[in-house]
Amino acid sequence: MIVKEKLRSEIDNKYKWNLNTMYNSDEAWESDYEYIKNKLTLVDNYKNNITSSSDTLLEFLKYYLDLDRIYVRLYVYTHLRYYEDVTNEKYNEMKNKIEIITKEINTTFSFVDSELLKTDYSIIKKYVEEKEELKEYEFYLEKTYRYQEHTLNENEEKMIAYLNDLNNRFKRTYQVMKNSEIKFGTIKDENGKKIILTNGNVSKYLMSNDRSVRKDAYTKLYKGFEKLNGTISSNFIGHLNVDSMISKEKKYHTTLDRYLFPDKINDTIYNNLISVVNDNLDSLKKYYKLIKKVLGVNTLQAYDTSAPLSKNYEKEFSYETAEKIILDGLNILGKEYNEILQKAFQERWIDVYSNKGKLDSIYSWSTYKCNPVVSLNYKNNFDSVSALAHELGHAVHSYLADRNNPYHYADYKIIIAEVASLTNEILLSQYMIENSDSKDEKLSILNNLINLYSANFFGSLKGAEFERIVHEKSDNNEPLTKDILNNIYNELMNKYSSGIVKEHKLQKYGWSRINHFYSSFYYYKYAFGICCATFVANKILTGDKDILDKYINFLKLGDSIYPIDALKVLGIDMNDKKILEETIKFFDSKVLEFENIYNS
């Protein structure tokens, strides 16, 4: 019998997110959509006039940011509804409407930065001094003027807006291919039942105790991507080329520089991360040797690396159990933090289970002064509990930033987003290890924690290295083909496998499975985040008296200061390689702890 995914209508409402704080009806959405369209007609009042006086500047900022706030709510709500079920025609139509108005907004306001930046910054600072209400926008304006050398004239900025829209289309095309067009076929699970393999359930079977199930899932998964390798490669190369074109037109040295610039980060930090991980691949090698030993295999295959290392541990965690564990495990973060966690469960911020047509990604999304939401594909295992804790880290961060900042400072930068989510995962794992009397459970949770570092530090930096290589080739007008992309990724897989994991003929297609490559230079931020999270978690776990207040204050900062300065509130300097090396030491200590318990 083939087990099919449920339709969304078949899932109990208590396991679906409540989006009413965004819009309580589609009619309310339509009302705001019309409001935006009407507001756009007022933009001509400000052309060639934005900086004519402090009053006009203030008036424009209020107009522009109010419109942006409502547009973002429209955009987020639409995509959340669309991602619930990509086959739903109603929300496909709404998404198309949002895409149209997004393009219109981008082109309509493409003149803003170039016009603002025609005015000398000294005049803007004078306006801020003379008008008290403008002080709220002082840092916002400072950040804008950082882009002065990278801002083009109005017509050129319109062209850039069209190119950005084109790049977004490459991303959307990829999502359609991955979630709708690739068919992986069926596999038999551990009980011999026939299962339709999907992006949403494949991780479960890659982590199976049964080696034949892992092998079948791995093979079917990557053969699916192999079939569309040419199309996905062509689409991705288009994305790379457009990225390079924009970077050159905007006068950045490289595409990497363009993506680091908003966070005021230099490429030294990015390159240091890759350098440190390459210098410490022996740590990964020790871990792979441990996997090989525990599994008792002569040859460690690619489909073995996600296998559970506690063979006798098959405990299931219902969603209700996950709620209790998370509330208990993260109680260490204090009253204010935990009251928000309770709201998340009580007010249905979470979309729990997979359904037919639902986007396979696990994510959190928020919009100003509305409840943040979390999308899961919950599997009744500890990985899902940990993933929920991770996404709730984002949600609580968003909630605190929203409630403690005006709109234009509420949306914290992605570079620091993973600090909150990964801190939660580390603390939850430590709680589980310390409160378990079961050797197998301790081993399983340790395995999960080690995998967290394997994926978010070593894995994300492998991806970051891949991105650095392919973007450099695109920036230098070097040829890129599907074979070149596949070969680059294959070489990295072999390097990070450290001679322990046997090369698999399908591993070269692994890059085409990674959504984040369409959000350029995003992937390294997981490694950045886990380094910072390790620092915070270690401070909390060792009883540092000041860290909790510092941490909550850090979460409340939003985008009111630069990310690097926000981290200094926690005592973190990411230019210091010691922070990165401490992360590897923590990973090593957990591998050793696992080995000691296993041998006991």
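**Local geometry and packing in the predicted model**

With a relative accessibility of 53%, Lys251 counts as exposed, since the cut-off for this class is over 50%. The structure described here is a predicted model. Lys251 lies in the loop between α10 (229-249) and α11 (255-260). Although Lys251 is not a glycine, its phi is positive, at about 65°. Most residues other than glycine have a negative phi.

A positive phi is also found at Lys264, a residue other than glycine, where the value is near 55°. Lys264 belongs to the loop between α11 and α12 (267-279). The relative accessible area of Lys264 is 46%, and this residue is therefore classed as partly exposed.

Ile123 is likewise placed in the partly exposed class, with a relative accessibility of 36%. This residue is part of helix α5 (residues 121-130). The C-alpha atom of Ile123 is separated by 9.4 Å from that of Ser54, and the two residues are 69 residues apart along the chain.

Helix packing was examined for α13 and α24. Two packed helices are described by the angle between their axes and the distance between the axes. The axes of helix α13 (residues 281-295) and helix α24 (residues 577-599) come within 10 Å, with a crossing angle of roughly 20°. Because angles under 35 degrees count as roughly parallel, α13 and α24 are assigned to that class. The crossing of the two helices is left-handed. On the α13 side, the contact involves Ser283, Leu284, Tyr287, Leu290, Lys293 and Val294. These residues meet Ile584, Phe587, Asp588, Val591, Phe594, Glu595, Tyr598 and Asn599 of α24. Classified by residue type, the contact between α13 and α24 comprises nine nonpolar, two polar and three charged residues.

An open sheet of three strands was also identified, in the order β4-β6-β5 and with mixed pairing. The edge positions are taken by β4 (350-351) and β5 (363-365), each of which has a single partner strand, so one side of each is left without a neighbour in the sheet. Strands of a sheet pair through backbone hydrogen bonds, either parallel or antiparallel. The pairing of β5 with strand β6 (residues 373-375) is antiparallel and extends over three bridges. Ser364 stands opposite Val374, which is in β6.

Terms used: Residues numbered from 1 in each chain as written. Predicted model: local features only at pLDDT ≥ 70, side-chain atom pairs only at ≥ 80, totals over all residues. Heavy atoms only, no water. Axes fitted to C-alpha atoms, helices over the stretch in contact; angles between N-to-C directions. Helix = DSSP H or I, 4+ residues; strand = E, 2+ residues; numbered from the N terminus. Parallel < 35°, antiparallel > 145°, perpendicular 65-115°, else oblique. Left-handed = near helix turned anticlockwise from the far one by under 90°. Contact = heavy atoms within 4.5 Å. Nonpolar A, V, L, I, M, F, W, Y, C, P; charged D, E, K, R; others polar. Buried < 20%, exposed > 50% of the residue type's maximum accessible area, 1.4 Å probe, protein only. Pairing = 2+ DSSP bridges.
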